[in-house]
Amino acid sequence: MKFNCELKRVVDDSYDIEIGRKLQDTLVSDLKGGLVGKIKKFAVVTDSIVVDLYGRDIYDRLNAAGLKAELFVIPEGEKSKTRQMKEFVEDSMLEKGFRRDCCVVAVGGGVVTDLAGFVAGTFGRGVPFVNYATTLLAAADASVGGKTAVDTPLATNLIGLFNQPKKVYLDIDTWKTLPEKQLSSGLAETIKHGCLGDKELFEYLEKNVEKVLECDSEACEYIAKKNCEVKYKVVMKDERESGLREVLNLGHTVGRAIETVSDYRLYHGEAVAIGMVAQARLGEKLGFISHENEQRVEKLLERAKLPTKIPDYIDRKALVKKLYTDKKVRDGKLRFVFQKEIGEMMCFGENQYGKEISEEQIAEIITEM
């Protein structure tokens, strides 16, 4: 006996990204005005640095507007992106009486938006959430596309789900409170976007990268908008990473491995920058990028004050072994995505953007770096 449970449905996960300055009142007005329906209870998730800069302020504004908000603070940094910290936020929400009639407000950088989005996706079997991004890295990467996850000791970002926010707020004024290393870290993802899908963005950065580091208004607005455009074009065509979306992993195979092996001494963007150089150098050997363009990538990363060499303290053998935890690995084989010169990606067949690479090929590059 068989019973067919037909559950075909069309889901509209569209949402707005608002780019501006001092968007706290806009956020509160949107939530009070029905952005997430009739919900009146809000879990503001932030970290130990952002809480005093923006988290508590947003919490206070929500309560002052007649909504009920509670504040949940995690320690800052990538080491907080764990299942244990997700449990801590969930248990804290339950203790404060949160149930299914709530919304999660993520206030912070990539770690906060990744973790809070994952919490929202599973709490009460799914509650709405919004992202208030306070770093260039979150604006460039984590706040757009709905990828949420935590890290484990064995692998990064392999435990998570696709969960789209109701709205994303990119408050460019928050970048002024970032240390320069954090701004540089966000620039790595921005340079990546230029390499994989927007030659104009790459060339703009070649002319204006120092202006971004100085938080020049015009330059910051330009890259915020461009980052959203590049990522949207990819995510719109492949929301759940069945093929094309893998291109957003440019530089991340080596980058994520370095980040983990360094025990997070390197910021995410710093590790990605090194990974970008590794893929460009290997890409040059494979004929995907000219020596001139490979050098342009390295020079731009250096001008963005990002590392382009693997630090001496990183064990090369451990690094090569860690590559096998990358989510692009298939049947135990390493796969890389490669830029095609500048502004395009290599395609290796219909909807095939990853290329199988031998351990020896990448080990040679890692040894050189």
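Predicted model: local features only at pLDDT ≥ 70, side-chain atom pairs only at ≥ 80, totals over all residues.

**Cysteines**

I began with disulfides (pairs of cysteine sulfur atoms within 2.5 Å) and found zero in the structure. For Cys215, the nearest cysteine sulfur belongs to Cys220 and is 4.8 Å away, so no disulfide is counted there. Cys228 is in no disulfide either; its nearest cysteine sulfur, again that of Cys220, is 13 Å away. I then checked burial, where buried means under 20% relative accessible area, exposed over 50% and partly exposed in between, with a 1.4 Å probe and protein chains only. Cys215 is buried at 17%, and Cys228 is buried at 10%.

Residues are numbered from 1 along each chain as its sequence is written, and side-chain values use heavy atoms, with hydrogens and water left out.

**Cores**

Next I looked up nonpolar cores (sets of buried Ala, Val, Leu, Ile, Met, Phe, Trp, Tyr and Cys residues joined through side-chain atoms within 4.5 Å). The largest has 75 residues, and Trp175, Ile191, Ile258 and Ile362 touch the most other members. I followed Trp175 through its contacts (heavy atoms within 4.5 Å). Leaving aside neighbours within four places in sequence, its partners include Thr134, Leu136, Leu183, Ile223 and both Cys215 and Cys220. A second, separate core holds 23 residues, among them Val36, Val44, Leu62 and Leu67.

**Val168**

Is Val168 buried or exposed? I found it buried, at 0% relative accessibility. Val168 sits in strand 8, residues 167-171 (strands are DSSP E runs of at least two residues, helices H or I runs of at least four, both numbered from the N terminus). Not counting residues up to four places away in sequence, Val168 touches Tyr15, Asp16, Ile17, Glu18, Asn131 and Ser143. I also noted Gly109, 59 residues apart from Val168 along the chain, with 12 Å between their C-alpha atoms.

**A pocket**

Last, I looked at the lining of the second largest pocket, where 19 residues take part and Asp13, Val127, Asn163, Gln164 and Lys166 lie nearest the centre. A pocket here is an open set of points on a 1 Å grid over the protein atoms alone, where a 1.4 Å probe fits, with protein on both sides within 12 Å along at least five of seven lines; lining residues have an atom within 4 Å of a point. Helix 4 (110-122) and strand 7 (159-162) are the elements that give two or more residues to this lining.
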